[in-house]
Structures are given as structure tokens and as C-alpha cells.
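Visitor: Could you walk me through this protein, one question at a time?

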Amino acid sequence: YFYKNHALQRGGAIYLNGKFNGDASSSYRNCQFISNSAAAGGAVFEDGGSTDGHGLFWKDCLFKDNYAESFGGAVHFEHTNAVYDTKIHDSRFENNVSLDGGAISATLFNSPQLEFDNCDFVDNETVVNGVGAAIFLVNYDYRGGLLIKDSYFSGNYLPGQYDEGSAILAIGPPGDVPINASKSINITNCI
């Protein structure tokens, strides 16, 4: 249980930095992150990622009332050239706030699949003129794809003039980097 933790920079409760090698992975199960804050990644900031490991897995977690000044009210992922999937299952993101990505933000350039399965995104929001109240992906190249299934989005809010992605906003890579259309965005059985 992580309650009312604060970091000036990244990861109010957890800042995970570095590369995993071999059979290493990061797993969070039955965790609660409530009222944490930071400049980025109000509860969790995951920086780097695996170039040879098994990935990042979240299950049965609650993220509620977390705040970030810039990205990821609850969680911010910063991955570049990772080779593993990030999976978030059976988790709830409620009333998290940030400038961009009220619940989750991610810079996932050249990364494999990001998967949400049976997750609830309820009443997350951005501050004035923010984007992606529930999920905000930037510089995402869709190499492994974005998969969202059996998930619920309700009451996510964008105050201000930039009305872009009150539930999800995904922005591809800059310039002429091609997007792999066969593994792009798949949303199934969501309300």
C-alpha cells in the first residue's frame, strides 16, 4: 500500500530505472497507489526497460487520487528500444490528474506491445489544455501494437480548448517513421 508519497521529479511512490537483463522482470500484484505525487509519474515512473528480459506486468492494482505536474497522473512509462511487452491486467485507475495522460502516459518509441486487459479508467483528468485524460501515448511506433480489451472508460475529462482524447490519445512517431499497420491499435469489448 503506497499512500501520500511525494517525489520532486519522478515516481511519487516508485521510480524504476535501468535495464533488466536475462530473465529479469518487474511485476506488481495487488498493490494500491493512493494520493501519491511527483512532477512525472504521480505514483510510478518506469524508465528504461528490458532489452533482454520478460517485461513489466501489473495485476489487480488500484491507482487512485494520484497527481503529476506533467505526464502520467498515476503512471508514466519511458521506454526506448525495449524488446518486452508491458501488460496491465485487472486494474483500476480512478481520479488521477496530470497535464497530459491523466491516468497513464507513455513515450514508447520502438517498443513492443502495450496491453490493457480488464482495466477500469474512471474520472481521470488533465489540467487545463492537457490531452489524453485516461491514456496518452506519444512517439509510439506501434511495433508491437496497442491492445485494449474488456476495459471500461467513464467520466474521463479534458478541461480547456484542446479536446483531444478524453479517453485515449495516441500520437505516432515524428517525421517519416512508418507505422506498422498490422500491429497498430486493437480495442475489443470496451465500454
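Predicted model: local features only at pLDDT ≥ 70, side-chain atom pairs only at ≥ 80, totals over all residues.

Visitor: Which strands stand at the edges of the open sheet of six strands?
Guide: The sheet has the order S1-S4-S8-S12-S16-S20, with parallel pairing. An edge strand has a single partner strand, so one of its sides is left without a neighbour in the sheet. The two at the edges are S1 (2–3) and S20 (152–154).

Visitor: What is the bridge partner of Tyr3 in S4?
Guide: S1 and S4 (residues 32–34) run parallel, and two bridges join them. The partner of Tyr3 in S4 is Ile34.

Visitor: Which residues touch the most other members of the largest nonpolar core?
Guide: In soluble globular proteins, nonpolar side chains tend to be buried together. Here the largest nonpolar core has 30 residues. Strands that give two or more residues to this core include S2 (14–18), S7 (55–59) and S10 (75–80). The residues that touch the most other members are Trp58, Phe63, Phe116 and Phe121.

Visitor: Is Tyr67 buried or partly exposed?
Guide: Tyr67 lies in strand S9 (residues 67–68). With Leu99 and Val127, Tyr67 forms a nonpolar patch on the surface. Buried means under 20% relative accessible area, and exposed means over 50%. Tyr67 has 36%, so it counts as partly exposed.

Visitor: How many residues apart in sequence are the parts that Lys59 and Asp90 tie together?
Guide: The side chains of Lys59 and Asp90 meet in a salt bridge, at 2.4 Å from N to O. Lys59 lies in strand S7, and Asp90 in the loop between S11 (86–89) and S12 (92–94). The pair therefore ties together parts whose separation in sequence, in residues, is 31.

Visitor: Which residues are linked with Arg92 in a network of salt bridges?
Guide: Arg92 forms a salt bridge with Glu94, the closest N and O atoms being 2.9 Å apart. Arg92 also forms one with Asp120, at 3.2 Å between the closest N and O atoms. The residues linked with Arg92 in the network are Glu94 and Asp120.

Visitor: Is Glu94 buried or partly exposed?
Guide: The cut-off for buried is under 20% relative accessible area. Glu94 has 18%, so the label is buried.

Key
Residues numbered from 1 in each chain as written. Heavy atoms only, no water. Patch = residues over 30% accessible without salt bridge, like charges linked within 9 Å, V, L, I, M, F, W, Y side chains within 5 Å. Areas by Shrake-Rupley, 256 points an atom, 1.4 Å probe, with all protein chains shown as cover. Salt bridge = Lys/Arg side-chain N within 4 Å of Asp/Glu carboxyl O. Helix = DSSP H or I, 4+ residues; strand = E, 2+ residues; numbered from the N terminus. Buried < 20%, exposed > 50% of the residue type's maximum accessible area, 1.4 Å probe, protein only. Core = buried A, V, L, I, M, F, W, Y, C linked by side-chain atoms within 4.5 Å. Pairing = 2+ DSSP bridges.
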